[in-house]
Structure formats: structure tokens, C-alpha cells
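Subject: Structure handover

Hi,

Here is the structure for you to look over. My notes follow below it.

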Amino acid sequence: MEIKQTALAGTLESSDIQITLSQGNEGIQIDLDSSVEALYGPQIKKVITDTLAAYDIENAKVKAVDKGALDCVIKARTMAAAQRALGTVDKPNWEVL
Amino acid sequence: MPRYRKRWQSFMEKNGITGFAPSDVGAVEKTYVWFADDGDIAASGSIAGNVLKYVAVCSKYKNGGSLFNEVVSHLVSEEASRGRFHLFVFTKPKYVNSFGYVGFKPLGQTDQAALLETGTPGIQDFLQQLPKFDSGITGAIVMNANPFTKGHRALVERASQECDHVYLFVVQAERSLFTFQERFALVKAGVKDLTNVVVVPGGEYMVSSATFPAYFLKSDQDIGQYQAKLDASIFLKSIAVPLNITRRYLGEEPNSKTTASYNQMLQAVLPPKVTVEIMSRKTFNGEVISATKVRQAITEGRQELIEQFLPVSTAEFVKAHFTELKNRISTEGK
């Protein structure tokens, strides 16, 4: 699936993550900002990549500002950003859920 | 807003933001205020275009930064809902880290001020689309070229002779008689024969005077100077170093004080990594060639000066659009 517009989901508050998705052309490029990056960086990136893969998004620039979000939160925020970016907010992808 | 204006202003003043010039306050689109349980203002932040302004959190309610994060978070979502995903903030150097924790990256910093950005497309995207030169001497020129004159041409020619590669950045901000598209096209046409010169749009990273808020500087400070210093540091850190630029060419400025002090600031900030080459102005019959004089000539309808000061490509454009340009001057005051 192609990203139609830049989209943002999530906040910068504690235990949350803010995800910005925009068009890219070199696979999934993740720019992650997290105070726990050394420990959980790979896991956070994996959750984001897997969630985008479930939407068949192959190319995207992802900016993620993490404030200690749990995996379920990361997934939820990535999904919200993906649906907004694809312009499919009114058609949730139940398979991913 | 008018109801809270006074309280908001005194809250800002208590938190060290003291400037409320009409140009700063007037640019604000929306201000958000957070109240504490006792009715006091706890925090506030504003948006103006893609710039976050007047961000302040009362130290009493800082709560380990969580309120600050909430404020920035809210401003970022509000900007996103307006379709703006690339944001800037000007702040004091001591707050660079606070903004860093919420994803902002510093573009340049002086002892007085810092400029940070977040979101996409950012500086990396800007740099990525430019050609890169790994060998030889790379020079750079930044010009508004309003419009491109024989003086500009002489400066580019010199840089082209002395360097292996030259980046020619054209200021993108629309505050000039000639639109960015016109200026860009005329620069391109004017240097077409110089094959080692690449003409590129300056993006949002060159001469950011429109967005620079003076409010966190004391009123007796020379705003222009601090702005020039910040601008020079942005060029050095975010443009020159990543692109291997080691020379910056400037035109000497005998007539405009602002530009002269801007040039001085570049000379103070850029070396030793980037050497600054200043070239004296080209003259015609003893008269200094300048774009300002060209615009005056258009206002006064003096066609002869146009041919003397402008290369053929620009002169043809100006002659073909003479009436239109004149109208722009009188209606838009440019």
C-alpha cells in the first residue's frame, strides 16, 4: 500500500509514543528517539515494522518519539498513523487487530 | 483571548519571556493555556505557522517535565491537524535538551538562542536531495537575487573559477518583488554556462528572519546581530559540514547596514572550517551594481539602467514583465 499523506498519532506524554508516517522510497526507515533505545530499540522497531507489514506498507519514513510505551501502545499508535496515512480511517483493518 | 491576554502576558513575563512586539504576537494563530486546580496558569504554548512560540511552564507545576511534554505534544498535534508536520522552535540554549527529549533536533545554536526542528521533511531529507561532492574544493553562495544582476554573476563566476564545485542556494522565502520561482529561474538562466555550479532552492534553512522571534532577547540587544549569528551557525552546522563546503562567497556591502553586519557575523562564526571570501561590488560607469537600484529603476520606469545592470536573461524577463512588476511594487509595497 502507498502512503497518501503524512500522518501523526500518539502523544509525547509518559508511557506513550508519537508516530509520524510519511512517504518514503527506500523501505521502512525508522528514526527512533527513545530514552530506553539501548535496551528496547530493536523491539520497538520490530513492532512498528511488523504492524506496517500487516498493512502491506513497504515504503515509509517513520519518526517515532518514544516515552516508554508498551508494545500494545506502540502497535495501536502505529495502526492509527497507518490508517490516517492511507486514508482508510473509516475502514479499520480487522486482520491486524 | 482578549479576556486572558493580560494574565497570559504576566505569566509569560514571570517565566522570562518579555517581548510582545506586534510582529511576534500578531503572528500567533492560536494560544493554548493550561490551568492548575487553583485557577493559576500552569503552562502555555502558541503556534504561528510551522513555528512553536511562547512555550512556558511554571516551575511550580513542572512535575518532572510531564506538563512540558503535554504542552509540546498538544501543539504538535494541533499543527498536524492543520497539515503541518515539519516544525521549528526558537529557544534559549538551556532548553535545547528539554526539546530534545520530545524529538526536536538542533539545527544551530549560539550563546543566546537555538533553532530546533522536528518532523518531516527535515534537514536530512533536504540534504539528501542535493548532489554530494567528496573531492576537490566545494564553495557555497547564498543569494536572494531579487533579481539576478551582473554583480551576482561576477560573484558566481569567481567562485566557479576558484572551486571545483559550487552550491548556489537561492533563498526560498517569499518576501521579495520577484517570486521565488522567478528568482530561481533567472539565476539558473544566468549561470547556465558555468558547469560546476549547481543551483538549489535554499529550503527553510537560509535566512530565517521572518520566523525569528525577538521576544526572548532583551529589547536593548541588537536583534539583527543575534539573528545573523544564529543563521551563520545553522549554515555551518547543518549545511556546510554535511556537504563538505569549505568556502563561502559573499558580496561586499557598501550600502546596506543590515547586510554588512550579517557579513561580519559570517566572518566571525564560519572560520576555521569554512573560509569566507568577500568580493568587492562590480560597478558600471563607477556606479555600484545592486538589485535594490534595479527595483528602484523599475519603480521610476528607467529602462536604460536595466540593460546596464542586468545580464541578458534577467533583462529580457524584466522588460517583458515591466508593467506587471511595477504594479506589484505599487500594490504590494515590495
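In chain B, strand E7, helix H6 (residues 150-162) and strand E8 make a right-handed β-α-β unit. Right-handed means that, with the strands pointing away from the viewer, the path from the first strand over the helix to the second runs clockwise. Helices (H or I, at least four residues) and strands (E, at least two) are DSSP runs, numbered from the N terminus.

Before the rest, the ground rules. This is a predicted model, in which local features need pLDDT of at least 70 and side-chain atom pairs count only at pLDDT 80 or more, while totals for chains, interfaces and linings use all residues. Residues are numbered from 1 along each chain as its sequence is written, chains are lettered from A and ligands numbered from 1 in the order in which they are written, and side-chain values use heavy atoms, with hydrogens and water left out.

The chain B sheet

E7(B) belongs to an open sheet of 5 strands. The order is E9-E8-E7-E10-E11 (chain B), with parallel pairing. Two strands pair if DSSP finds at least two bridges between them. Strands E9 (197-201) and E11 (275-279) of chain B stand at the edges, each with a single partner strand, so one side of each has no neighbour in the sheet. From one strand to the next, the twist averages 25°. Axes here are lines fitted to C-alpha atoms, for helices over the stretch in contact, and angles run from 0 to 180 degrees between N-to-C directions.

The pairings of E7(B) (residues 138-143) go as follows. With E8(B) (residues 165-170) it pairs in the parallel sense over 6 bridges. Ile141(B) stands opposite Leu168(B) there. With E10(B) (residues 247-251) the pairing is again parallel, over 2 bridges. Gly139(B) stands opposite Arg247(B). Further along, 5 bridges join E8(B) to E9(B), and Val166(B) stands opposite Val197(B).

Is E7(B) covered on one face or on both? Both: Thr138(B), Ala140(B) and Val142(B) are buried on one side, and Gly139(B), Ile141(B) and Met143(B) on the other. Buried means under 20% relative accessible area, exposed over 50%, partly exposed in between (1.4 Å probe, protein chains only). In a regular strand the side chains alternate between the two faces of the sheet.

H6(B) lies across E7, E8, E9, E10 and E11 of chain B, at about 155° to E10(B). H9(B) packs on the sheet, touching E10 and E11 of chain B, and its direction makes about 160° with that of E10(B). Contact means heavy atoms within 4.5 Å.

The chain A sheet

Chain A has an open sheet of 4 strands in the order E1-E2-E4-E3, with mixed pairing. E1 (7-9) and E3 (28-34) of chain A are the edge strands, each with a single partner strand, so one side of each is left without a neighbour in the sheet. The twist averages 15° from one strand to the next. E1(A) and E2(A) (residues 17-22) run antiparallel, joined by 3 bridges. Ala9(A) stands opposite Ile19(A).

Helix H2 (residues 71-86) of chain A packs on the sheet and touches E1 and E2 of chain A, at about 30° to E2(A). Helix H1 (residues 37-54) of chain A lies across E2, E3 and E4 (60-66) of chain A, at about 140° to E3(A).

Thr78(A) sits in H2(A). Thr78(A) counts as buried because its relative accessibility is 0%. Leaving aside neighbours within four places in sequence, Thr78(A) is in contact with Ile19(A), Ile48(A), Thr51(A) and Leu52(A).

The whole structure holds 2 cavities of 30 Å³ or more.

The largest pocket has a volume of about 1,300 Å³. Of its 43 lining residues, Asn144(B), Ala145(B), Glu253(B), Thr259(B) and Arg281(B) lie nearest its centre. H9(B) (257-269) gives the most to this lining, with 5 residues.

On terms: with a 1 Å grid over the protein atoms alone, a cavity is a set of points where a 1.4 Å probe fits but cannot get out. A pocket is an open set with protein on both sides within 12 Å along at least five of seven lines. Lining residues have an atom within 4 Å of a point. Grid points are joined across faces, edges and corners, and a volume is the space filled by probe spheres set on the points.

Best wishes
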